[in-house]
Amino acid sequence: MIDQEKIRKAVRLLLEGIGEDPDRDGLAETPDRVARMYGEIFSGMDADGSEPLAKVFRVDNSEMVLEKDIVFYSMCEHHMMPFYGKAHIAYVPDGKVVGLSKLARTVELFAARLQLQEQMTGQIADAVMRFLKPRGVMVVLEAEHLCMTMRGVKKPGSRTVSIAARGVFEENTGLQNRFFQMLQS
Ligand code: ZN
């Protein structure tokens, strides 16, 4: 659970640490604002993806389903700085599909915690396998990490790409290629 009082105290200390006066006009409300904001952006701490992926629809075919350009915002656990970008998810159904907004919701839940991009990619893929039980799933995340681009380690706008493949996507390179072709179209 989010402890807003602890966050408020910590932000105050942080402000003092960087040499600020936490009591000056512009900063007086900042610890409280940050605490409330953290309540929102870390609201997915305990979610496992079961909620959005629970409501399934029966289908007869097993054609690949692709949901691309799902925008997400997360926080890197190494620097507590945002990384954000797009998620693309494809799966081959085994008799069941979910509403398209549910995949976006799943991404949102796994983004709403301290994260590593590679880990988040795997968690989304594993949740889809576990709760939707398709024949396979493939997840691609492309994101800009402010902890890198803001400090000039990498060029602004440069993106990190991570991939997770499960089930039929692991072995079937033809299927993987079709996924990447569909991403481009
Ligand atoms: Zn970082």
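1. In this note, buried means under 20% relative accessible area, exposed over 50%, and partly exposed in between, with a 1.4 Å probe and protein chains only. The model is predicted, and local features need pLDDT of at least 70, side-chain atom pairs count only at pLDDT 80 or more, while totals for chains, interfaces and linings use all residues. Residues are numbered from 1 along each chain as its sequence is written, and side-chain values use heavy atoms, with hydrogens and water left out.

2. The zinc ion has as protein donors (N, O and S atoms within 2.8 Å of the metal, or 3.2 Å for Na, K and Ca) the atoms Cys-76 SG, His-79 ND1 and Cys-147 SG, at 2.1 to 2.3 Å. Water is not among the atoms, so the site may look incomplete.

3. Along the sequence, these donor residues follow the spacing C-x2-H-x67-C. His-79 lies in the loop between β2 and β3 and Cys-147 in helix α5 (residues 146–149), 68 residues apart; helices (H or I, at least four residues) and strands (E, at least two) are DSSP runs, numbered from the N terminus.

4. Cys-76 is buried because its relative accessibility is 5%, and Cys-147 is likewise buried at 7%, whereas His-79, at 40%, is partly exposed.
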